[in-house]
Each structure stands twice: as structure tokens, then as C-alpha cells.
Amino acid sequence: MKKILEPGKVLKPTSDVVFKNLMKNEKNKDFLARIISIVTKLDYDYVLNNIVISDTDTLESNIGNHHNTGDLVVNIENTKINIEASRNNIEINKRKNEIMAHKYASNSYKKGDLYNIGHIFYQICIENYDVFNNDFLITEVNLVEVTTGNYEVETEEFKKFHINLNNLNKLCYNELTEEERYIMLLATDDITNLKEIAGENDIMKKIVNDLIDLSNDSDIISAYEKEKIEQYAFEVALKEKEKKGKKEEKIEIAKNMLLKNIDINTISE
């Protein structure tokens with residue numbers, strides 16, 4: 001098998017295959033509960049004692065609808081939480097996550113449910129790009145009114161949280177709070193740095209060891225390679241589609257310019 005890792009490195013924790021294997025593992029439930037608690041401010045013990053990892057299908061109501069699966073979906077009593085690890089392709093991922101959020105939120109209600117019983121939905125997006133122009137590690141997004149400028153929250157039952165891993169790069173390891181250290185583990189692939197971040201914290205040490213084990217698992221490595229190839233193919237196809245669109249646009253512009261007797265050499269490449 002072709003070696004894809006440099007010495008002292010692990011597979012990217014936010015890649016789909018690694019992230020799902022880490023977070024769906026029952027022995028890492030305490031780490032998952034800690035991440036959820038850090039982001040949403042729900043009590044850690046409450047989350048840990050009530051968390052149930054559910055099927056990630058969005059349960060389409062129509063067989064002809066587009067089928068989606070999320071990275072991770074958990075239920076905590078009447079609260080459903082969708083966690084997405086998104087890398088690159090910011091515009092596509094923003095739209096995908098938005099669609100997923102509304103589907104999961106609507107599917108929280110089943111036929112026969114009474115609407116006087118609230119179902120809470122949160123989406124946590126772990127991202128390596130800037131959705132918002134701020135320096136916050138975690139940005140909370142609510143449905144608010146904008147007409148008056150008072151930004152009153154319409155409901156507490158639908159929230160999104162964006163974790164911007166880019167903003168961790170501005171901090172030194174020895175300056176991180178414990179909460180920031182938990183999140184930093186998802187942004188680092190260097191084994192020495194991972195162990196330094198984990199320190200003597202048993203929950204984090206367990207995650208680091210699991211990352212190392214996954215990075216030496218031939219099945220996980222094969223799935224990781226397949227994921228990288230699919231991502232590369234997608235990006236190439238996207239660029240080619242954009243080039244084709246621009247070419248067709250230039251042809252249309254040229255036609256219009258010819259009809260108006262305008263010099264087509266003024267069109268830039």
C-alpha cells in the first residue's frame with residue numbers, strides 16, 4: 001500500500017472517514033459530549049448521560065427527493081444535533097449544510113406530533129474557512145428579525161454554531177484554554193503537537209491514541225485515499241464546469257458585440 005502519511009503525522013481528523021470513526025465510537029462518547037457542551041453550553045454531564053447517536057440519513061419524505069447524509073447526528077432527549085466537518089469549497093459546503101440543517105430540523109417532527117411540544121435542533125459546523133469576518137473560535141447563529149435593527153431572536157429551537165479552525169492558528173498551544181484544546185485536537189495532524197495539547201487529560205489522550213490507531217488501519221487508510229481522490233475529482237470537475245460556463249458566456253458576449261459592431265478583441269482572457 002502506498003504510504004500517504006509523513007513520519008510523525010496522523011490522518012486529518014476532520015476528513016469524513018476519520019471524523020465519523022472517531023465520533024461514532026462509543027468509547028469516545030465523552031469527547032463528543034465535551035465538544036457539544038463546549039459549543040452549545042449544554043451541561044456536560046447531561047449530554048454524556050443522554051446522548052444517542054442516530055442514523056445520519058435525513059429521512060426524505062419523497063423517494064424522488066435528493067438523498068443526503070450528514071457526518072454525525074445525535075439525539076439528546078428532545079434535542080437533535082447535526083455535526084458537520086467541512087473543508088474547502090466554502091460556497092458549496094455552506095449551501096449543503098444549510099439544506100441539511102432545515103431537513104433535519106423539519107424531520108424532528110413526526111406525523112401526529114403536537115406542535116405545542118418543542119423539538120430543538122442545533123447544527124455544529126467545524127470548518128477550515130471563514131464564514132464570518134470575526135476572530136471568534138465559535139460563532140452562534142440564530143433566526144432573528146432585522147427590520148428594526150434590534151435583532152430579536154425569533155426562536156431558541158433552531159441554532160447553528162460555526163467553529164472556525166482558522167482562528168485557532170492565532171493562538172499558541174501554551175495559551176489555549178481547556179475548551180480550546182479540545183477543539184484544537186480536530187485541527188492538528190502532528191502527533192507530537194497532539195500529545196502536547198492532550199497533556200494529562202484522559203479524554204483527550206484517548207482521542208490521540210485512537211487517531212494514531214486509525215492512521216495505521218489499512219481499511220481506514222484505503223477509505224481515506226478514496227475520499228481524497230473523490231474530493232480531487234470533484235474539484236477538477238467543478239473547475240472545468242466553471243471554465244465551460246465562462247467560455248459559453250464569452251461566446252454569447254462576442255455574439256452580442258458583433259451584432260453591435262464592437263471590436264471583440266477588447267474581451268479579456
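## Helix α1 against helix α7

In this predicted model, the axes of helix α1 (residues 16-23) and α7 come within 11 Å and cross at roughly 135°, where axes are lines fitted to C-alpha atoms, for helices over the stretch in contact, and angles run from 0 to 180 degrees between N-to-C directions. That angle makes α1 oblique to α7, given that angles under 35 degrees count as roughly parallel, over 145 as roughly antiparallel, 65 to 115 as roughly perpendicular and the rest as oblique. The crossing of α1 and α7 is right-handed; a crossing is left-handed if the near helix is turned anticlockwise from the far one by less than a right angle, and right-handed if clockwise. Helices (H or I, at least four residues) and strands (E, at least two) are DSSP runs, numbered from the N terminus.

On the α1 side V18, N21 and L22 take part, and they meet I207, D210, L211 and L214 in α7, contact meaning heavy atoms within 4.5 Å. By class, this contact of α1 with α7 has five nonpolar, one polar and one charged residues, with Ala, Val, Leu, Ile, Met, Phe, Trp, Tyr, Cys and Pro counted as nonpolar, Asp, Glu, Lys and Arg as charged, and the others, Gly among them, as polar.

Residues are numbered from 1 along each chain as its sequence is written, and side-chain values use heavy atoms, with hydrogens and water left out. Since this is a predicted model, local features need pLDDT of at least 70 and side-chain atom pairs count only at pLDDT 80 or more, while totals for chains, interfaces and linings use all residues.

The contact brings D30, F31 and R34 of α2 to I203, K206 and I207 of α7, and its residues divide into three nonpolar, no polar and three charged.

Helix α6 (residues 191-198) packs with α7 at an angle of about 165°, the axes being 8 Å apart, which makes α6 roughly antiparallel to α7. The crossing of α6 and α7 is left-handed. From α6 the contact draws on I191, L194, K195, I197 and A198, and from α7 on M204, K205, V208, L211 and I212; these residues divide into eight nonpolar, no polar and two charged.

K160 lies in strand β6 (residues 158-164) and is buried, with a relative accessible area of 6%, where buried means under 20% relative accessible area, exposed over 50%, and partly exposed in between (1.4 Å probe, protein chains only). Not counting residues up to four places away in sequence, K160 touches N97, E98, Q123, C125, T139, E140 and V141.

With Q123, the side chain of K160 also forms a polar contact of 3.4 Å. A polar contact is a pair of N or O atoms within 3.5 Å; within protein, one must be able to donate a hydrogen and the other to accept it, and residues adjacent in sequence count only if both atoms are side-chain atoms.

## Two loop residues with positive phi

E77 is found in the loop between β2 (72-76) and β3 (79-86). Its phi is near 55°, a positive value in a residue other than glycine, and E77 is exposed, with a relative accessible area of 57%.

Y151 sits in the loop between β5 (138-142) and β6, and has a positive phi of about 55° although it is not a glycine. Y151 is exposed, with a relative accessible area of 51%.
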